[in-house]
Amino acid sequence: MTIDQVENLIKKHEAFEKSAIAQEERFCALERLTTFELKEIQRRKEEEERKRQEELAKQAAQAEAEAAEKAAAEEASEADGKLAKDGEGRPASIRKPPPTNLALTSPIEKPTADQSATEADGEILEGILNRKHEWESTTKKASNRSWDKVFVCVQGSNLAFYKDAKTAKTSPETYFKGEAPIDLHGGTADVATDYTKKKFVLRAKLASGAEFLFQARNEAEMRQWVSTLKNVCEQDAAGTQSRSQTLPAVGDKRDEPKRRSFFTLKKV
């Protein structure tokens, strides 16, 4: 190899080194982040920060809601406790309704023993019971068969349901869930011996085929409700029977003083 060839090779090598240095600067420039990439990174950081703030706000709101719900539950528990003292803390009460024209009967009519159990001095039975509607008719089950705590009031021959004792006294027309009172005439009432899921349960069957279950607090209260509802259901039959039984006997007429009556006897 001649000297000229060696010099040419040295020159080519130097040119290659210069070219490599220039490419290296380009590679370094490619590794540096562009303005667009810097903005994208900044945007991602801001998005993450916003999500974190939203999550913290959501957790704070949830904690406040739980605290408010807990406070409301405590208030409701205190209200139930007060109501229990007014209603559940005492047995089913007896109150007198206002007098009606039904008391104006014939002088010879007298109340029977069955009527006196529920209508003596015009008394009405009321109290808090758990209620379950089982049948709407003899062939159709009730759509809602869950248990509800209601204030039950016997009003003549009807059975009315209220939210509580206060509503029954202050707003007697505001019934539980807007339900009209049920008519007990021609129905039956007895202890629900076939229902074993709960204790102290009685069943009331209406003439329309509807059936209701009622749960009392104890056996004595259950028996009291059964007796009262039975008497109300049999009220019509008992009233008819009493009028036929209280007519004076023929042999006793001469022993009684003569008194005026709605009916007069014409001499033949």
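The following legends describe close-up views of a predicted model of one protein chain.

Because the model is predicted, local features are given only at pLDDT of at least 70 and side-chain atom pairs only at pLDDT 80 or more, whereas totals for chains, interfaces and linings use all residues. Residues are numbered from 1 along each chain as its sequence is written, and side-chain values use heavy atoms, with hydrogens and water left out.

**View 1. Overview of the chain.** The secondary structure comes to six helices and eight strands; helices (H or I, at least four residues) and strands (E, at least two) are DSSP runs, numbered from the N terminus. From the N terminus on, the elements follow the order α-α-β-α-β-β-β-α-β-β-β-β-α-α. Of the 268 residues in the chain, 25% are buried, where buried means under 20% relative accessible area, exposed over 50%, and partly exposed in between (1.4 Å probe, protein chains only). The accessible surface of the chain is about 20,200 Å², and 53% of this area belongs to carbon and sulfur atoms; accessible areas come from the Shrake-Rupley method with a 1.4 Å probe, and for residues only the protein chains shown count as cover. Among contacts (heavy atoms within 4.5 Å) between residues at least 6 apart in sequence, 57% join residues at least 24 apart.

**View 2. The largest nonpolar core.** A nonpolar core is a set of buried Ala, Val, Leu, Ile, Met, Phe, Trp, Tyr and Cys residues joined through side-chain atoms within 4.5 Å. The largest such core holds 34 residues, of which V154, L159, F161, L184, F214, W225 and L229 touch the most other members. The elements that give two or more residues to this core include strand 2 (124-135), strand 3 (147-155), strand 4 (158-162) and helix 4 (165-170). Strand 6 (188-191), strand 7 (201-205), strand 8 (211-215) and helix 5 (219-233) are also among them. Helix 5 gives the most to the core, with six residues.

**View 3. Helix 5 and its N-terminal cap.** The 15 residues of helix 5 should span 21 Å at 1.5 Å a residue, and the end C-alpha atoms are 21 Å apart, which agrees; the expected span is 1.5 Å times one less than the number of residues. N218 caps the N-terminal end of the helix, with a side-chain oxygen 3.3 Å from the backbone nitrogen of A220. The buried residues of helix 5 are E221, M222, W225, V226, T228, L229, N231, V232 and C233.

**View 4. R203 and its surroundings.** R203 is found in strand 7 and is buried, with a relative accessible area of 13%. The side chain of R203 makes a polar contact with the side chain of E211 (3.3 Å). A polar contact is a pair of N or O atoms within 3.5 Å; within protein, one must be able to donate a hydrogen and the other to accept it, and residues adjacent in sequence count only if both atoms are side-chain atoms. Leaving aside residues up to four places away in sequence, R203 touches E134, T188, A189, D190, A192, D194, E211, F212 and L213. E134, D194, R203 and E211 are linked in a network of salt bridges, a salt bridge being a side-chain nitrogen of Lys or Arg within 4 Å of a carboxyl oxygen of Asp or Glu. By this rule the count comes to 13 salt bridges.

View 5. E49 forms a salt bridge with R52, with the closest N and O atoms 2.7 Å apart. Both residues lie in helix 2 (residues 35-88), three residues apart, about one turn of the helix. E49 is partly exposed at 36% relative accessibility, and R52 is partly exposed at 44%. The side chains of E54 and R50 also meet in a salt bridge (2.6 Å, N to O), and these two residues of helix 2 are four residues apart, about one turn of the helix. E54 is partly exposed, with a relative accessible area of 45%, as is R50 at 40%.

**View 6. The salt bridge between E179 and R131.** The closest N and O atoms of E179 and R131 are 2.6 Å apart in a salt bridge. E179 lies in the loop between helix 4 and strand 5 (182-183) and R131 in strand 2, so the pair ties together parts that are 48 residues apart in sequence. E179 is partly exposed at 28% relative accessibility, whereas R131 is buried at 4%.

**View 7. Two loop residues with positive phi.** K177, in the loop between helix 4 and strand 5, has a phi near 55 degrees, a positive value in a residue other than glycine. K177 is exposed, at 57% relative accessibility. F200, in the loop between strand 6 and strand 7, also has a positive phi, near 55 degrees. F200 is partly exposed, at 30% relative accessibility.
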